[in-house]
Amino acid sequence: MFDIEHGNDGTVLCRGRLDAAQCEKAEGFLAGLEGANTLDFADLEYISSAGLGILLKTQKRLVADGAGLKIINVNNHIRDVFRYSGFHTIFDIRAKE
Amino acid sequence: MQRNFPRHLDTLTPLYEFAEEIMEARDIAEGIRFPVHLAMEELFVNMVKYNPDVSTDIQVDVTLKVNQEVRVSLIDDGGVEFDVTATRRVDIDAPLEDRIPGGLGIHLIQNLVDTLEYEYQDGRGEVIFTKGSGKEDV
C-alpha cells in the first residue's frame, strides 16, 4: 500500500511501499508539484528503482525551473538505496532522526 | 516454499506478502528482508516488462538456510534471455542533467545481494540470489 498527500505544513507525506505497481499514483501526484518541495519519508518503508525513476524525473523538472526536492526522515534502508544509486549527490536528503 | 505468481504488476503485493510471511516467521533481520524484497521486485518486474506476450506464471521459491541466509529463485518459463549477472555501466556520479530515469534495478540487485546466478536453457530462465551470508546488511 502506498499513499501520498500534502501535510498541514505543505510538506508531501509519503507512506507505505513505493514499488513499481504504485508509481502511477506517485507520478500523478508529483507531476502537480511546482517550486521547492519537501518530501517526508518518515512513514515510507520501501522504495524500488521504479520509485527512484519517478523521483529523478520530478527532480529534473523542478531543478530546471530553479527549485528542487528536499527529502527528509529517510530510513536507513532507503538511504542506502539512495547511496547505491548516487541520489545523495543530486537530492538534498536528510536521514530519520 | 514455492508459489507461482501471475505475470503482472498487481502481483507485487502478494509477492511481498509471500516472502515477508516466510522471513518474519523465522525472525529474519530487517536488514536482510529489505534487500530480499527489493531484489525480488526488480527481477520480477524485469520478467514482466521484457516478456509482454508471455502468459505463463513466474515461479518463486524462497528458502531459509542457516544463519539467517535467504535463498530466492525466480523461474521464468517462456521469457527472453536476460542475464542479470552481466555488468552494466551505471554512472551514479553523473550530474542531474545527465541522468536518465531507468536502468538502476539490476545495478541495485548486484550491489545488495550476496550471490547472484543466472541460467537460461530452452526458453527457461532461472535467477537465484542469496542474502544474509555475510555481506554487510543495508
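A: Helix H1 (residues 23–30) of chain A holds A:Phe29; helices (H or I, at least four residues) and strands (E, at least two) are DSSP runs numbered from the N terminus. This is a predicted model, in which local features need pLDDT of at least 70 and side-chain atom pairs count only at pLDDT 80 or more, while totals for chains, interfaces and linings use all residues. Residues are numbered from 1 along each chain as its sequence is written, with chains lettered from A and ligands numbered from 1 in the order in which they are written.

With 17 other C-beta atoms within 10 Å, A:Phe29 is partly exposed (20 or more such atoms make a residue buried, 12 or fewer exposed, and anything in between partly exposed, with C-beta atoms placed from the backbone). From A:Phe29 to A:Phe82 is 53 residues in sequence and 21 Å in space, C-alpha to C-alpha. A:Phe82 belongs to the buried residues of H3(A), along with A:His77, A:Ile78, A:Asp80, A:Val81 and A:Ser85.

That brings us to H3(A) itself. The cover over its buried residues comes from both chains: it includes strand S3 (37–47), H2, strand S4 (69–74) and strand S5 (92–95) of chain A, together with H2 and H3 of chain B. After H3(A) comes A:Gly86, whose phi is positive, near 75°.

Now look across to the partner helix. Helix H3 (residues 76–85) of chain A packs with H3(B) at an angle of about 115°, and their axes are 10 Å apart; axes are lines fitted to C-alpha atoms, for helices over the stretch in contact, and angles run from 0 to 180 degrees between N-to-C directions. H3(A) and H3(B) are therefore roughly perpendicular to each other (65 to 115 degrees; under 35 is roughly parallel, over 145 roughly antiparallel and the rest oblique). On the H3(A) side the contact is made by A:Val81, A:Tyr84 and A:Ser85, and on the H3(B) side by B:Leu104, B:Leu108 and B:Asn111; contact means C-beta atoms, placed from the backbone, within 7 Å. By class, these residues are four nonpolar, two polar and no charged (Ala, Val, Leu, Ile, Met, Phe, Trp, Tyr, Cys and Pro are nonpolar, Asp, Glu, Lys and Arg charged, and the others, Gly among them, polar).

H3(B) has its own buried set: B:Leu104, B:Gly105, B:Ile106, B:Leu108, B:Ile109 and B:Leu112. These residues pack against helix H2 (49–64) and H3 of chain A, and against H2 and strand S4 (115–121) of chain B.

Within chain B, the axes of H2(B) and H3(B) come within 9 Å and cross at roughly 145°, and this crossing is left-handed. H2(B) brings B:Pro35, B:Leu38, B:Ala39, B:Glu42, B:Leu43 and B:Asn46 to the contact, while H3(B) brings B:Gly105, B:Ile106, B:Leu108, B:Ile109 and B:Leu112. Here the classes are eight nonpolar, two polar and one charged.

Stepping back to the interface, 21 residues of chain B are in contact with 22 residues of chain A. Helix H1 (12–25), helix H2 (30–49) and helix H3 (104–112) of chain B are the elements that each give two or more residues to the chain B side. H2(B) gives the most, with six. That side as a whole divides into 11 nonpolar, five polar and five charged residues.

Chain A has three helices and five strands in the order β-β-α-β-α-β-α-β, and 37% of its 97 residues count as buried. Chain B also comes to three helices and five strands, here following β-α-α-β-β-α-β-β, with 35% of its 138 residues buried. For 97 residues a compact globule would have a radius of gyration near 13 Å, and the 12 Å of chain A agrees (taken over C-alpha atoms; the rule is 2.2 Å times the number of residues to the power 0.38). The C-alpha trace of chain B spans about 45 × 35 × 25 Å along its principal axes.

Note on methods:
Contact = placed C-beta atoms within 7 Å. Left-handed = near helix turned anticlockwise from the far one by under 90°.
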